[in-house]
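Here are a few notes to read alongside the model.

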Amino acid sequence: MRYTPIRNISEEEKRELYDLLDNNPDIKYRAKIVLLAGEEGYTVPEIREMTNIYDKTIRKWIHRFNDYGVKGIFTQMDYSGMIKITDKARNEILRISSTNPREIGLKFSTWSLRSIAGYVKEKKLIKEDGISHTAIRDILIEKGVEWRYSKTVLGKSKDPDYDLKKAY
């Protein structure tokens, strides 16, 4: 079991969190997580039992509170100080996504968003640690590329009603 520490909550932050419990249903559970962890001293598994929220989600909101305070539990964060993707890198990502991976020496024939992100990280096209597959998707959408998800077909079923069921 991993321990997730929470920093001390100031009196002003406590007031803001309690106000969020009363006034903002969209982020009520996030404020509740922070208060249960910081004010009441509950552990992540104990909070999970009380709230039925995944451990990973609970840890995320505790870390966001630790890093950014009360504003960290709001969804709309200002990430302007984080990863910077230049136009040159955007164009390179677009070029990569439109080439066949085998043409550049890879052992697969179609790109996934994750494989593009891995290739970009491996080739160090972005100065930071890397780029997420969702950022890749956003860049492709921004450049007008329609991305499709690959579908694996394992074979035809032996079920006599297979075609009928597949139609729905």
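**Notes on the salt bridges**

1. Let's start with E39, which is partly exposed at a relative accessible area of 33%. Keep in mind that this is a predicted model.

2. Which residue does E39 meet in a salt bridge? The partner is K14, with 3.3 Å from N to O between the side chains. This pair ties together distant parts of the chain: E39 belongs to the loop between helix 2 (28-38) and helix 3 (44-51), while K14 lies in helix 1 (residues 11-23), 25 residues apart.

3. Is K14 buried or exposed? K14 counts as buried, because its relative accessibility is 17% and the cut-off for buried is under 20%.

4. Zooming out, the whole structure holds 8 salt bridges. Another of them joins the side chains of R48 and D55, at 2.8 Å from N to O. R48 is partly exposed, with 30% relative accessibility.

5. Further along, D138 and R137 also pair up through their side chains, in a salt bridge of 3.4 Å, N to O. R137 has a relative accessible area of 30%, so it is partly exposed, and D138 is partly exposed as well, at 41%. As for shared partners, salt bridges connect E11, K14 and E39 into one network.

6. S112 is partly exposed at 34% relative accessibility.

Note on methods: Residues are numbered from 1 along each chain as its sequence is written. This is a predicted model: local features need pLDDT of at least 70, side-chain atom pairs count only at pLDDT 80 or more; totals for chains, interfaces and linings use all residues. Side-chain values use heavy atoms; hydrogens and water are left out. Buried means under 20% relative accessible area, exposed over 50%, partly exposed in between (1.4 Å probe, protein chains only). A salt bridge is a side-chain nitrogen of Lys or Arg within 4 Å of a carboxyl oxygen of Asp or Glu. Helices (H or I, at least four residues) and strands (E, at least two) are DSSP runs, numbered from the N terminus.
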